[in-house]
Every structure is written in C-alpha cells, then in structure tokens.
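Good morning, and thank you for coming.

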Amino acid sequence: VRGVHPTLMSGGGSGRRSFIRVGDRVRKLLPLERQRLQGFPDDFRFPVPKLFNKQTGNSVYVPLVRHLLREAVEQ
C-alpha cells in the first residue's frame, strides 16, 4: 500500500521492516526516513544518538499523540 509502512523495529529489525522498496530496488531505511515515519520534525535530535533505532522503534507516532492530547484538553 502506497504511503504506509510496517511497524519499525526498535533494534532496527530485520526483514521488510528495516527496508523500503523503491521501484524495483530494495534498500535500508535512512535514519531521517525512520524519524519522519514516526512524525518527528527533521530538526529533532534524539537524546542518545547511539540508540537512535531503539528510540524511533519504541516511539509512538507523534502527530497521533498531539491529536489525542488536544482532544483530551478540550474535554
């Protein structure tokens, strides 16, 4: 499905979750792509860069959290 990606794995994962198909090629996701898939802005810096894959894989989709918090505050 175009525009959809499987769950990111916290350790970088294996199989299709760490890779993306571009045309007839398959390649590993770039760090910025992992960050964008979770809704983080491009200029966001994770507190422990060494654990980047773990932090992005354990993250919740940022725009969803933002939406839920706005809804909760309005209630």
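**Overall make-up**

Among contacts in the protein between residues at least 6 apart in sequence, 27% join residues at least 24 apart, where contact means heavy atoms within 4.5 Å. Please note that this is a predicted model, in which local features need pLDDT of at least 70 and side-chain atom pairs count only at pLDDT 80 or more, while totals for chains, interfaces and linings use all residues. Residues are numbered from 1 along each chain as its sequence is written, and side-chain values use heavy atoms, with hydrogens and water left out.

The protein has 3 helices and 2 strands; these are DSSP runs, helices being H or I with at least four residues and strands E with at least two, numbered from the N terminus. Read from the N terminus on, the order of elements is β-β-α-α-α.

Of the 75 residues, 21% count as buried. Here buried means under 20% relative accessible area, exposed means over 50%, and partly exposed lies in between, with a 1.4 Å probe and protein chains only. The accessible surface of the protein comes to about 6000 Å², and 57% of this belongs to carbon and sulfur atoms. The areas come from the Shrake-Rupley method with a 1.4 Å probe, and for residues only the protein chains shown count as cover.

Are they buried or exposed? Thr7 is exposed, with a relative accessible area of 56%, whereas Leu8 is buried at 7%. Thr7 and Asn58 are 51 residues apart in sequence, and their C-alpha atoms are 9.9 Å apart in space. For Leu8 and Lys54, the separation is 46 residues in sequence and 9.3 Å from C-alpha to C-alpha.

**The aromatic cluster**

I turn next to the rings. A search of the whole structure finds 4 aromatic pairs. Why is the pair of Phe46 and Phe52 edge-to-face? Their ring centres are 5.1 Å apart and their planes stand at 90°, so the pair is classed as edge-to-face. The rule is that rings of Phe, Tyr and Trp (its six-membered ring) pair if their centres lie within 6.5 Å; planes under 30 degrees apart count as stacked, over 60 as edge-to-face and the rest as tilted. Phe46 and Phe52 are both buried. Together with Phe40 and Phe44, they form one aromatic cluster.

**Gln35 in helix 1**

Which residues does Gln35 contact, leaving aside its neighbours within four places in sequence? They are Phe40, Pro41, Asp42, Phe44, Arg45, Phe46, Phe52 and Thr56. Gln35 is found in helix 1 (residues 31–37) and is buried, with a relative accessible area of 5%. A polar atom of its side chain lies 2.7 Å from the backbone oxygen of Pro41. This is a polar contact, that is, a pair of N or O atoms within 3.5 Å; within protein, one must be able to donate a hydrogen and the other to accept it, and residues adjacent in sequence count only if both atoms are side-chain atoms. Gln35 and Tyr61 are 26 residues apart in sequence and 9.9 Å apart in space, C-alpha to C-alpha.

**Salt bridges**

Side chains of opposite charge can pair when their charged atoms come close. A salt bridge is taken as a side-chain nitrogen of Lys or Arg within 4 Å of a carboxyl oxygen of Asp or Glu, and by this rule the count comes to 2.

One of them joins Arg27 to Glu33, with the closest N and O atoms 2.5 Å apart.

Asp42 forms a salt bridge with Arg36, the closest N and O atoms being 2.7 Å apart. Asp42 is partly exposed at 37% relative accessibility, and Arg36 is partly exposed at 47%.

**A nonpolar surface patch**

Lastly, the surface. Val60, Tyr61, Leu64, Val65, Leu68 and Leu69 make a nonpolar surface patch of about 550 Å². Patches are made of residues with over 30% relative accessible area and no salt bridge: like charges are joined within 9 Å, and nonpolar side chains (Val, Leu, Ile, Met, Phe, Trp, Tyr) within 5 Å. Leu64 is found in helix 3 (residues 62–74) and is partly exposed, with a relative accessible area of 40%.
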